[in-house]
Every structure is written in C-alpha cells, then in structure tokens.
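Please examine the sequence and the structure before reading on.

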Amino acid sequence: MSQTTSSTSTAPAVRTVFRTCPLCEAGCGLEITLKDDRVTRIRGDRDDVFSHGFICPKGSTLRQLHEDPDRLRKPLVKRDGVHVEVEWEEAWQTVRDGIAGVIERHGRESIAVYQGNPSAHSLSAMTFGRTLSQAVGTRQHYSASTVDQMPRQVAAAYVFGTAVSVPVPDLDRTDYLMILGGNPYASNGSLCTAPDFPGRIEAMRARGGKLVVVDPRRSRTAEEADEWLAIRPGADALFLMALVNVLFADGLADPGPRVGALLDGLDELRELSAGFPPAAVALAVGIDAATIRRMAHELAEAPTSTVYGRIGTTTTEFGTTASWLVDAVNILTGNLDRVGGAMFAMPVAGGASTRGPSGAGKPFRVGRGHSRVSGRPEVMGEYPAAVLAEEILVDDVSDGGEGGGRVRALVTVAGNPVLSTPNSEQLDVALADLEFMVSVDIYLNETTRHATVILPPPSQLQRSHYDLLLLQFAVRNVANYSPAPLPLDPGQPDEWEILAKLALLFHGAEPDADPSIADDMAIGSLVHHAVSDPSSPVHGRDADELLATLSANGRHGPERMLDLMLRTGPFGDGFGAVPGGASLDLLLDHPHGVDFGALEPRLPEILRTPSGRIELAHPVLVADVPRLAEAVDRLAGQTMVLVGRRDLRSNNSWMHNIEVLVKGTPRCTLQVHPDDAIEHGLVDGGYATVTSRVGSIEAAVEVTEAIRPGVVSLPHGWGHSMPGARLRVASERAGVNSNVLTDDEALDPLSGTSVLNGIPVTLVAVS
Ligand SMILES: Nc1nc2c(c(=O)[nH]1)N[C@H]1C(S)=C(S)[C@@H](COP(=O)(O)OP(=O)(O)OC[C@H]3O[C@@H](n4cnc5c(=O)[nH]c(N)nc54)[C@H](O)[C@@H]3O)O[C@H]1N2
Ligand SMILES: Nc1nc2c(c(=O)[nH]1)N[C@H]1C(S)=C(S)[C@@H](COP(=O)(O)OP(=O)(O)OC[C@H]3O[C@@H](n4cnc5c(=O)[nH]c(N)nc54)[C@H](O)[C@@H]3O)O[C@H]1N2
Ligand code: SF4
Ligand SMILES: [Mo]
C-alpha cells in the first residue's frame, strides 16, 4: 500500500512503501521513501507490529544493493572462459541445450542442485524452489542447511515429530535466558525470529531477568550478559548432558504435570546422564563443576527459564545431540511449552507443524539413499553439502551406486558454496570440472564464476515478500506481506518465473515455455491436496471453486500460493468459514503486518511423532551417547582449534560489495588470545599462517582477551580475490576464506552437518 504525498505533473511523485527486510531472520519492517522510482530513504517502520522501528545497518542498504553496478541485470553466458551479457532468449536456449546434453550423456542423476541461504528468505524460492528441484529428477540435493541448522531440525523431528517443531525461547516473557553458540547482537537471532533481539534481551534484564552466554568468545552478546561461560569448542553436548545429570541427581527434574503426562524416555535419560557428572566432564567442557552445578540449579529454580542453542552448537560434531539436549534441559526444568519457557510458534501461513493429523504422525527417517562416494545417509531429502565436491570429482566407485551417478552438472539457487562450505578449495576445483552449471544469482561471484549460465533475479526491492520459512520460528505469531516496492526492469522475469521456467526446461520444454504452466500445475496440486486432506479446513470443498477464488483479479504465482496457505492456515479465513481470518487481502490492508498474539502452549496438538508422545529418548539419539562419552578425553586434550564468528555488517558471503558495509577497520581478522600470541610469536597487526588437515591460509592477527586460550576465531564469507568474479568493492577488501580450513570429512553423523567450529589448526607467525 503506498501513500502519494505529492503528485503534480512536474514535481516528482514521492511515496512511502513498507517492505519487510529479507536479509536476515529478524524480518524487520522497513519504511521506504521513493521519489518517482528512486529510493531516497530507508528506515525502520515504527508502526511495524513486530519490529517497531528497529533496523540494523544492513536494512537500509537494500538501496545500495539495488543500485550496485555489479548486481546482474542481464543473464551471463560463459564463452571461451569469459562471462558475457546476453538476452534472456539466448540464455534460456543455452540452458536448454546444456540440460539436454547432460541428461543424454549421463542421465538425470548426474545433475545436482544446491540451494543457498537467501532462498530461505525469498517468497519465490520458497514457493517454486521445490518445483524446480523436483523437476530436475535427481537425488543429488544439497543446501546450506547442512552447514547450518539441520541438526536442530533433526533433533526436533525425532523428539516432537516434524523438522519445524523447533521450540523457540519465549524472549519477551522469560526470566532467564541461556544462549549457547549464538550471538544475536551480531546475527540478530536465528531459529528464533525476533526483530530487535538485543532490545528484547535488554527488556528481559530490565525486568530482573538474567542472561548467561556460553561461548568460547566473549561476543558482543556475552559482553551484555550477566555471566559469560567460556566453553571449549564442540563441548556443548557434554555441558548440557552434565546439566541433565545434575537436574536428576539433585532432584530438580520436573517437567510439570502437562508435559510429564506426554513424555516418554525420562528414566532412560536419567540413566544415560548418570555417566556425565560435572566433575567427570568439567575439564573437557572447560567450565568448572561447581559452575555447571549452579547453572542447573539456576535454570530449574528461576520462575521461568529457557536454553537456546544456535550455530555454535549445531555446526559441531555433536550438533544433533546438543540440540536434543537443549530440549531435554528445557523439559526437565519444567519450561517446555509454557509462557516464559521454550515455546512453539503457530505459523500463520501454515507449515508442517500445523498440517496433517494432529498428535501423531509418521516416523522421521533418514538414510533413504546414501551418497555414492562416502555413503553418507540422506537427511531431509539432502546429502551433506560437504560431499558435493567428491560427488563431482570421484569417478569410479566400486560398491554403491545407490546414490546415483557421478555429478556432471549443477544448478545453484542463491548459494555461494565456494565460500560457505568446508574444504572450499576442493569444491572450487570440482566446480571447474563440471560439464554444465546454471546459477540463479544476483552476482558473478566465487561460485557463479563457474556457471555456464547465470540467470539473475530482480533486486530485493523489485520483489514482494513474505517469510514463509522463518515466521515458523517467531517469538510472536505475526504475518507480514509486502508487495514489491519497485517495478521490474523491462524484460526482467521475476525470480519465481526463472525458477518455474527452469523447472519446465528440466521437464523437456522448449526455451519459450511459459512459466505460468508450472504455476498453474503447482497451485492445482496444492489445492487438490488441501481439499483431500481430512485435517485441512477446506477438506471436501470444491477444488475448482477454490482455485477460481484464489485466481480472482488475475492473482497468480507466489501470491496465489501464499493466499491459499494463509486461508487454510491456523488463523485463516477458511475461504469464508472464518470471517476476518487471515488471507492475502487482509495482509494487503495491513502494510505494517498483523499481530496474531503472543505464543501459546501447543502441546499435545503440535506432536507428530508415531507414538503421539514426546520421544525424549528416541533410539537414534540414545545411540549417539556412547560417542559423546568417548569424546571426553579427546576434548580435554584439545590444543588449538578454530571457530567462526559473525559481524553485524556482514551477511554470510554476499554483502561485501556494499561500500558502506565494508568500509572502516578490516574485520576479517584471526582473533588470538594474548597467551597464545606469545607462545606462537604472533603480534597484533601481523600475520599468521593457519593450517588444518585440508588447507592453509595467511590471516591478519588480532590479539584479544575476548577469546578463550587455545581457540582462534576467523569469520566466514571472505576471500573475494578469485579471478573471474565481478565484485569490485569486495575484491578491494578481499579477506581470506575460513572454509579453506574447515574439513569436508568432519560431520555430525546424525544430520550430515559440517563441523565448522572446533577445527584443529596450527599457527605459525609470518615473518
Ligand atoms: N566457516 C563457516 N562457514 C559457514 C558458516 C559459519 O558460521 N562458519 N555459516 C554457514 C551458514 S549458517 C550459512 S546459511 C551458509 C550460507 O551459505 P550459502 O547460502 O551457500 O552462501 P551465501 O553467502 O548466503 O550466498 C548467497 C548467494 O545468494 C546470492 N543471492 C543473494 N540474494 C539473492 C536472491 O534474492 N536470489 C538469488 N537467486 N540469489 C541471491 C548471492 O549473490 C550469493 O551468491 O554459510 C555457512 N558457512
Ligand atoms: N550480521 C549477520 N547476521 C547474520 C548472518 C551474518 O552472516 N551476518 N548470518 C545469518 C545466518 S545464515 C545465520 S545461520 C545466523 C547465525 O546466528 P548465530 O547462531 O547467532 O551466529 P553467530 O553470530 O556466528 O554466533 C555463533 C557464536 O557461536 C560461538 N561458538 C563457536 N563455536 C562454539 C562452540 O563450540 N560452542 C559454543 N557454545 N559457542 C560456539 C561463536 O564464537 C559465536 O559467537 O545469523 C544470521 N544473521
Ligand atoms: S536485523 Fe536483519 S532483517 Fe532487520 S534490518 Fe538488519 S538485516 Fe534486515
Ligand atoms: Mo545460516
């Protein structure tokens, strides 16, 4: 909705529009002022029902991103090793020929798909990404999930029944928050959608609440905390198991009557935890036994408390086990699914935690297929991102074949795995070896420089938005739709049209195929599904009638799908059954969003486990405990390890081409504790060669007390000096790629997620 404040024929038309920021999970409301079609100002939308005017330094740079001369406006095709701009027709023809050739030579299993993080924030990718990946017809699916949150989802799926039934801290009402491996002052929160996370923490402390941060670094969030516990990297699962031990041993374990009545596995967990008393793990964890014991008491005795684990817990060798134990602690302290504890969101646009029969469901299984080369099990339809390189490089595999053939072609959507996934140098070599690659991306960067064809979607400001994925993990139930602030450039397809058309080409269509064919098929199947699902509010209704309603006034594409999801979601209007309920029209009438209220208890309705109960001692999770026990001595003897970190002005690997975000002191530095600096002869401002099993880099040294001795930290997403990329600003402050050091063979076996924190390294001063 826009308000025109001036519109005479000579003066430029000034208007104000509202758009949710798509750059991170916080999803802040932005107020965008436009003069004709030029953005003149972006600031926080004070009337946004969720963010109330909060914005971080990245939000206002959507304008710079839109205007960035390096941002691609036309497709690129690689000719004789150089990318040249072409018209869309030619790009589509090249894609069609490339696909046809690879399928003919090697079959569909030779094509891999990698979906990156911004696709999680793109309404187009959330609605048509699946259409595309299904059309490719391969088992070779990869995504940023296996360098991120997959363990958290796997644990939730075993314990509660779906991969999105992830409890989130009830930030606005809790009395005690313990954060492990998260730094919301830099990241603005993750798997906990909460615009102005810092402000919400400050409000908690102002009402007498306590914040404890468990992190090997004294992060910005740790600085704001009442207490900082400098844990040893990779030791969170052990720390949590010791908390569980104390909760049982000291008689503090009490899930409460409601959760207790739904809980299986309490006695088993008690037995499992018996082998992990604080004294036995303190050295390995790096936190003394008395403190571990006190933490268990504080969590249990606070009026309400919630433990929240993020990337520092998931991207470790015990990622899934740590995520499970976060749930276990919240359950034992009586804080699961209650106000002020760890609660479940009720996503307005539906989602897997609201669909299907409530209370019981199908078992969550992994391993429906194994990767061809190293036999890694499929998890949630994907193989680990870390095995993509070997799937391309390794030709002959004597046994197996189960995972499909050797990868010879790749489709990337909004991903930069050459900077973002482990053992990047190997992946870089692998991508150069492909026969065909097509990337849907806004930049010619470290990954897409390998693409035969790059298909650029429009800028973020030329697209509509609704965060279908991340509102499933929000600390309030809200819904926020924004139309595109700016029109498309002439001839520019929308992102969903690119994905839909690619899907059609994979189905064998000609380059001039109309994306609306895929759109109509997709919505038809969604509506059909809804009317035949006994748990849907439109069960038994006439599919054609619903389709006609959805398509009124020419509505199509992602908007039509979103409308269906909203109307059949938990707050939906049910196509007239619930007057005033959620629909796209309702959201269009509310440009600042609609607040459906604070989180409410969802047990037992949210459960989808086969038993219909909380499976706290799921056999797969229980089976991993011996591995945890074996790690105690190894962790205790750990010497130098590498962890990551984030900066407020970065966004993984791809916002470094925005001048205002990268100017100032270089931030791609290796943080080293003063004791370690002395031991290794390193000086602040000097350089160190950092070497791991798989690679070696030279990094600028920053000596700081804000890190645990024996740990060094380097942010990821840097290393913008590769030839063939077109990132003028980023290449001037290239930094180094930390994922040259992370090891592709180091995985959490339960989820296939890479170990990105706790990488053994050696340090040598560069003279
Ligand atoms: N060592 C280490 N490595 C890490 C992490 C870490 O903590 N430590 N974090 C991991 C995490 S959590 C993540 S999510 C991954 C991210 O890994 P990826 O998702 O692979 O990488 P990104 O850096 O997010 O790159 C996003 C790509 O999308 C493009 N892009 C941006 N916007 C759009 C859009 O709207 N549409 C399309 N089609 N393309 C777009 C960008 O140009 C860029 O190429 O990195 C992981 N890597
Ligand atoms: N500004 C900015 N915001 C972002 C992003 C970004 O790149 N920049 N990326 C977005 C994405 S894709 C994601 S997934 C989220 C991630 O959001 P967060 O999970 O909050 O990520 P980080 O800020 O990297 O914080 C991780 C913390 O874990 C600590 N850590 C490392 N190893 C360990 C360990 O073994 N145990 C414990 N307890 N702590 C450890 C690190 O020191 C670091 O402080 O952020 C999102 N928001
Ligand atoms: S916190 Fe995230 S959503 Fe909010 S303005 Fe910054 S980048 Fe955008
Ligand atoms: Mo992420």
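Q: What is the distance from a nitrogen atom of ligand 1 to an N or O atom in the side chain of H716?
A: This is a predicted model. A polar contact requires a pair of N or O atoms within 3.5 Å. The pair formed by a nitrogen atom of ligand 1 and a side-chain N or O atom of H716 has a distance of 3.4 Å.

Q: How much of the accessible area of ligand 1 does the protein cover?
A: On its own, ligand 1 has 920 Å² of accessible area. There are 30 residues surrounding ligand 1, and Y114, N117, S420, D441 and S653 are the closest.

Q: Which domains each contribute at least three residues to the shell around ligand 1?
A: The shell divides into 13 nonpolar, 12 polar and 5 charged residues. At least three of the shell residues come from each of domain 2 (73-145 + 365-465 + 493-512) and domain 5 (639-766).

Q: How many residues apart are D148 and R310?
A: The side chains of D148 and R310 form a salt bridge, with an N to O distance of 2.4 Å. D148 lies in the loop between β8 (141-143) and α4 (150-160), while R310 lies in the loop between β14 (306-309) and α13 (311-314). The pair thus links distant parts of the chain, and its separation is 162 residues.

Q: Is R310 buried or exposed?
A: A residue counts as buried when its relative accessible area is under 20%. The relative accessibility of R310 is 4%, so R310 is classed as buried.

Key
Residues are numbered from 1 along each chain as its sequence is written. Chains are lettered from A and ligands numbered from 1 in the order in which they are written. This is a predicted model: local features need pLDDT of at least 70, side-chain atom pairs count only at pLDDT 80 or more; totals for chains, interfaces and linings use all residues. Side-chain values use heavy atoms; hydrogens and water are left out. A residue is near a molecule or strand if one of its heavy atoms lies within 4 Å of it. A polar contact is a pair of N or O atoms within 3.5 Å; within protein, one must be able to donate a hydrogen and the other to accept it, and residues adjacent in sequence count only if both atoms are side-chain atoms. Accessible areas come from the Shrake-Rupley method with a 1.4 Å probe; for residues, only the protein chains shown count as cover. Ala, Val, Leu, Ile, Met, Phe, Trp, Tyr, Cys and Pro count as nonpolar, Asp, Glu, Lys and Arg as charged, and the others, Gly among them, as polar. Domain bounds come from an automatic or database domain assignment. A salt bridge is a side-chain nitrogen of Lys or Arg within 4 Å of a carboxyl oxygen of Asp or Glu. Helices (H or I, at least four residues) and strands (E, at least two) are DSSP runs, numbered from the N terminus. Buried means under 20% relative accessible area, exposed over 50%, partly exposed in between (1.4 Å probe, protein chains only).
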